[in-house]
Amino acid sequence: MNRSYLESFLPPSRLLLGPGPSPVAPEVLMAMAGPTIGHLDPAFIGLMSEIKTMLQLAFGTTNDVTFAVAGPGSLGMDACVLNLIEPGDKILIARNGVFGTRMCEVALRGGAQVIPLDFTWGTPIDPQAIEDALKEHKDIKFVGFVHAETSTGVQSDAAAIAAIAQKYGALTIMDAVTSLAGIPIKLDEWGIDAVYSGSQKCLSCPPGLSPVSFSPRAVEHVKHRKSRVLSWFLDITQVMSYWGGDKARAYHHTAPVNSLYALHESLRRLHVEGIEASIARHRAAHLQLAEGLTALGLELLVDEPFRLPQLNAIKIPSTINDAPLRASLLNDFNIEIGAGLGPLAGKIWRVGLMGEGARPQHVSRLLQTLDNAMENQRNEAISLAS
Ligand SMILES: *Cc1c(COP(=O)(O)O)cnc(C)c1O
């Protein structure tokens, strides 16, 4: 560790099987290394249009306001929530993990009246409970929820939640950071009004970009706000002068040029494979993992129908010491997995099989390594005791 900052940084070669970032394909890294060009260069504007088209296809939408926020998934969360809510507005937010909790925090800071709806971590959102809350509070304007809870490995029924919200005239905000390209997303069919995702989960792109999309209904809502959007940078009515369709593009901010090369390449790879094929690959990797875990005597936290293929919450056996095992995986075997958070800290490991991570050879390597690392730890415990 005796490095001088005058030496170039050479990252270690890790297999990223945690909650993100996921492994990035060499083609995507190479795309990123292309020469930087001006962000209003006609060639770059062509690239932005193609990214928009590929994002629309990935989200299952024709929404014109579809683009990549220049920031991580959390900034996409800010973009969706802060464009829609005004101070005093009532928003119902389902909390069944870290990210629903974060959405409440964003809405509170925006001055909204937040009605949180809690579910046990590790279980999905119950659409009936959403309906009951909407019946009880007549003036709820928005329903926010997380499609794929990365902190617990649970998926919720987005179609059912969106249908209920529509029945009661509320706009929906969906966190699709981990779901995009890993499980099906059909924004238009489901009637989702605002969605944000992230580049570094199932898209297998470096972190730092957040694909977002707003329905025409959401855009109308933003145009008729009484107050201005709290964030100048995230105000979609401004950003769209830059990302917008055929109209002349006006300077808004300097796009992260090389990061968008990477996003373009990762989306191109997704569409060459096909969304359905990508989703099937995630599922196959998950089933391979689940079977291998059973053989090792390990169990998953989440009930089968609600399991996320791309994020597997594994119960840590009582005989195993969590932190040293994860440290051994990283330091001795170059594999990163995630720790449990909040009430699940020390109780679960989070194994992400996202994007390029969802490949049979990576699942085999993890299962083999986990077996070895657990065996090593048990042997050490025995030799210490004797
Ligand atoms: C990772 C994640 C986020 C936050 O994304 P960042 O890029 O870390 O800001 C939000 N929601 C979910 C469900 C996530 O998995």
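1. Where does G244 lie? In this predicted model, G244 lies in the loop between α9 (236–243) and α10 (257–273). The residue is buried, with a relative accessible area of 4%. Leaving aside neighbours within four places in sequence, G244 is in contact with K52 and R249. E86 is 158 residues from G244 in sequence. In space, the two C-alpha atoms are 24 Å apart.

2. Domain layout. The protein chain is divided into domain 1 (15–20 + 276–385) and domain 2 (26–271). Their centres, taken over C-alpha atoms, are separated by 29 Å. At the boundary, 24 residues of domain 1 are in contact with 24 residues of domain 2. The area buried between the two domains is about 1900 Å². Carbon and sulfur atoms give 65% of that area. On the domain 1 side, I279, F306 and L308 supply 26% of the area buried against domain 2, more than any other three residues.

3. Charges across the domain boundary. The count between domain 1 and domain 2 is one salt bridge. R269 forms a salt bridge with E356, with the closest N and O atoms 2.9 Å apart. E356 also meets R359 in a salt bridge, at 3.1 Å from N to O. E356 counts as buried at 16% relative accessibility, whereas R359 counts as partly exposed at 22%. A network of salt bridges links E27, R269, E356 and R359.

4. The largest nonpolar core. This core has 92 residues. I130, M174, W243 and L260 touch the most other members. Helix α2 (residues 42–59) gives the largest share, eight residues. Both domain 1 and domain 2 give residues to this core, so the core lies between them. What does M174 touch, not counting residues up to four places away in sequence? The list is F145, H147, A158, I185, L187, W190, I192, A194, V195 and Y196. Another core, of 25 residues, lies apart from the largest one. Its members include L17, A285, V351 and L367.

5. A three-stranded sheet. Three strands form an open sheet in the order β11-β14-β13, with antiparallel pairing. Which are the edge strands? They are β11 (311–315) and β13 (338–339), each pairing on one side only. Five bridges join β11 to β14. Two bridges join β13 to β14 (residues 348–352). R350 in β14 is the bridge partner of A313, and R350 is also the bridge partner of G338.

6. Backbone points to check by eye. The peptide bond from G20 to P21 is cis, with omega near 0 degrees. P21 is found in the loop between β1 (15–16) and α1 (26–32). A181 has a positive phi, near 75 degrees. A181 lies in the loop between β8 (171–175) and α7 (187–190), and is buried at a relative accessible area of 4%. S204 has a positive phi too, near 55 degrees. S204 is found in the loop between β9 (194–196) and β10 (210–214), and counts as buried at 5% relative accessibility. For context, most residues other than glycine have a negative phi, and most peptide bonds are trans.

7. Other salt bridges. The count comes to 15 salt bridges. One of them joins the side chains of R95 and D118, at 2.8 Å from N to O. R95 lies in strand β3 (residues 90–95) and D118 in strand β4 (residues 113–118), so the pair ties together parts that are 23 residues apart in sequence. R95 counts as partly exposed at 22% relative accessibility, whereas D118 is exposed at 52%.

8. A pair within one helix. R326 forms a salt bridge with D322, with the closest N and O atoms 2.8 Å apart. The two residues are four apart in helix α12 (residues 322–333), so about one helical turn separates them. Is D322 buried or exposed? D322 counts as buried, at 12% relative accessibility. R326 is partly exposed, with a relative accessible area of 22%.

Definitions and conventions
Residues are numbered from 1 along each chain as its sequence is written. This is a predicted model: local features need pLDDT of at least 70, side-chain atom pairs count only at pLDDT 80 or more; totals for chains, interfaces and linings use all residues. Side-chain values use heavy atoms; hydrogens and water are left out. A nonpolar core is a set of buried Ala, Val, Leu, Ile, Met, Phe, Trp, Tyr and Cys residues joined through side-chain atoms within 4.5 Å. Buried means under 20% relative accessible area, exposed over 50%, partly exposed in between (1.4 Å probe, protein chains only). Domain bounds come from an automatic or database domain assignment. Contact means heavy atoms within 4.5 Å. Two strands pair if DSSP finds at least two bridges between them. Buried area is the accessible area (1.4 Å probe) that two parts lose on being put together, summed over both. A salt bridge is a side-chain nitrogen of Lys or Arg within 4 Å of a carboxyl oxygen of Asp or Glu.
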